[in-house]
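Subject: Handover of a structure and its findings

Dear colleague,

Please find below the structure that I am handing over to you. My notes on what was found in it follow directly after it.

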Amino acid sequence: MSFLFPSETAQNMAAGNHSTVTEFILAGISEQPELQLPLFLLFLGIYVLTVVGNLGMIALIGLSSHLHTPMYYLLSSLSFIDLCHSTVITPKMLVNFVIEKNIISYPECMIQLYFFLIFAISECHMLAAMAYDRYVAICNPLLYSVIMSHQACFSLILGVYIIGVVCASVHTGCIVRVHFCKLNVINHYFCDLISILKLSCSSTYINELLILIFSGINILIPSLAILASYMFIIASILRIRSTVGRSKTFSTCSSHLLAVAVFFCSAAFMYLNPSSVSSLDQGKATSVFYTIVVPMLNPLIYSLRNKDVNVALKKMFKRRVLL
């Protein structure tokens with residue numbers, strides 16, 4: 001966690017003229033002019049792939065009756081979260097590459113922060129819910145239809161979004177009480193919580209405490225839940241005598257395991273990294289990975305490594321050919 005110290009707050013107060021900040025300037029990823037066009041094209045391409053991949057996954061699951069199971073309902077929700085997560089951030093970031101100053105008003109910044117937090121936090125818990133689904137399917141297959149009924153699945157999905165909304169509301173509600181003075185350049189490509197707090201000229205102790213508490217709730221607890229689920233899954237797989245059976249069983253959760261590793265490693269590095277070894281430039285590089293790259297990778301991971309999704313895709317292509 002990147003904490004602010006009293007000395008930093010005092011410096012901000014000294015620098016500020018105590019006038020209210022009505023807008024912020026997003027510094028972006030790079031200030032080098034020769035990189036602006038290549039970066040714009042790169043991230044535009046990533047965003048297009050993200051939108052097409054996640055919308056395609058949602059449509060495929062919705063149109064394929066054999067994918068109407070709890071596992072794929074959760075995957076559809078993950079695709080929706082990834083799509084929204086990327087859309088909250090990427091379009092505004094792309095603007096930074098084509099204009100000299102990427103200005104965002106204070107209300108727009110708070111709205112972007114609010115929805116970013118909702119979808120980032122929801123993704124953490126959705127991945128944990130998906131791990132629980134795989135645990136039930138592999139360790140308690142006879143009770144799977146009872147434990148993971150459609151009602152239970154939708155309740156799980158609703159609970160994930162409620163956690164995201166509550167945590168985001170608390171964070172945003174506390175940050176609107178923070179005073180900003182003269183400093184208004186956010187050293188980031190979006191309104192990130194830690195980067196905004198760096199500009200404060202009032203006490204941010206409560207905000208820092210909330211970041212620590214909610215990072216534990218939204219990163220450590222889902223991570224431990226996923227770890228526990230996979231410990232039971234691996235133990236169950238090892239009891240299978242057939243090598244083919246082990247491989248087939250593990251293949252049902254390998255895609256999810258890869259998605260979990262990619263997302264949580266980058267998020268944990270960003271929000272649980274000690275301030276003595278972290279920097280905002282490191283934070284920007286890490287943020288690019290879990291806010292922009294991961295939402296693009298998830299549909300690819302689940303489509304390339306999932307037989308059911310591949311079968312559904314082939315059937316859909318055959319229908320189009322026949323039409």
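One aromatic cluster is formed by F80, Y114, F115, F119 and Y161. Rings of Phe, Tyr and Trp (for Trp, its six-membered ring) are taken as a pair if their centres lie within 6.5 Å; planes under 30 degrees apart count as stacked, over 60 as edge-to-face, and the rest as tilted. Please note that this is a predicted model, in which local features need pLDDT of at least 70 and side-chain atom pairs count only at pLDDT 80 or more, while totals for chains, interfaces and linings use all residues. Residues are numbered from 1 along each chain as its sequence is written, and side-chain values use heavy atoms, with hydrogens and water left out.

The search of the whole structure finds 13 aromatic pairs. In one of them, Y114 and F115, the ring centres are 5.3 Å apart and the planes stand at 75°, so this pair is edge-to-face. Y114 has a relative accessible area of 22% and is partly exposed; F115, at 37%, is also partly exposed. Here buried means under 20% relative accessible area, exposed means over 50%, and partly exposed lies in between (1.4 Å probe, protein chains only). A further pair, Y189 and F190, has its ring centres 5.1 Å apart and its planes at 55°, so it is tilted. Both Y189 and F190 are buried.

Turning to the overall layout, the chain contains 11 helices and 3 strands. Helices (H or I, at least four residues) and strands (E, at least two) are DSSP runs, numbered from the N terminus. In sequence order the elements follow the pattern α-β-α-α-β-α-α-α-β-α-α-α-α-α. The chain has 323 residues, of which 49% count as buried.

How do the strands pair? Two strands are said to pair if DSSP finds at least two bridges between them. Strand β1 (residues 23-26) runs antiparallel to strand β2 (residues 102-105), with 4 bridges, and I25 stands opposite I103 in β2. β1 also pairs with strand β3 (residues 185-186), in the parallel sense and over 2 bridges. There, L26 has I186 of β3 as its bridge partner.

Among the helices, α4 (residues 106-139) packs against α6 (residues 150-175) at an angle of about 145°, and their axes are 8 Å apart. Axes are lines fitted to C-alpha atoms, for helices over the stretch in contact, and angles run from 0 to 180 degrees between N-to-C directions. The crossing of α4 and α6 is right-handed; a crossing is left-handed if the near helix is turned anticlockwise from the far one by less than a right angle, and right-handed if clockwise. The contact of α4 with α6 has 19 nonpolar, 6 polar and no charged residues. In this count Ala, Val, Leu, Ile, Met, Phe, Trp, Tyr, Cys and Pro are nonpolar, Asp, Glu, Lys and Arg are charged, and the others, Gly among them, are polar.

Which cysteines are joined by disulfides? A disulfide is a covalent bond between the sulfur atoms of two cysteines, and the criterion used is a pair of cysteine sulfur atoms within 2.5 Å. The structure has 2 disulfides. One joins C109 to C191, with an S to S distance of 2.0 Å. Its torsion about the S-S bond is about -130°, so the disulfide of C109 and C191 is left-handed. Because C109 lies in helix α4 and C191 in the loop between β3 and α7 (193-197), the pair ties together parts that are 82 residues apart in sequence. Both C109 and C191 are buried.

C181 and C201 also form a disulfide, with their sulfur atoms 1.9 Å apart. This link of C181 and C201 is right-handed, with 70° about the S-S bond. C181 is in the loop between α6 and β3 and C201 in the loop between α7 and α8 (205-238), so parts 20 residues apart in sequence are tied together. Both C181 and C201 are buried. With the bonded cysteines numbered in sequence order, the pairing is 1-3, 2-4.

C124 is in no disulfide, and the nearest cysteine sulfur, that of C167, is 9.8 Å away. C124 is buried at 5% relative accessibility, and C167 is buried with a relative accessible area of 5%.

Yours sincerely
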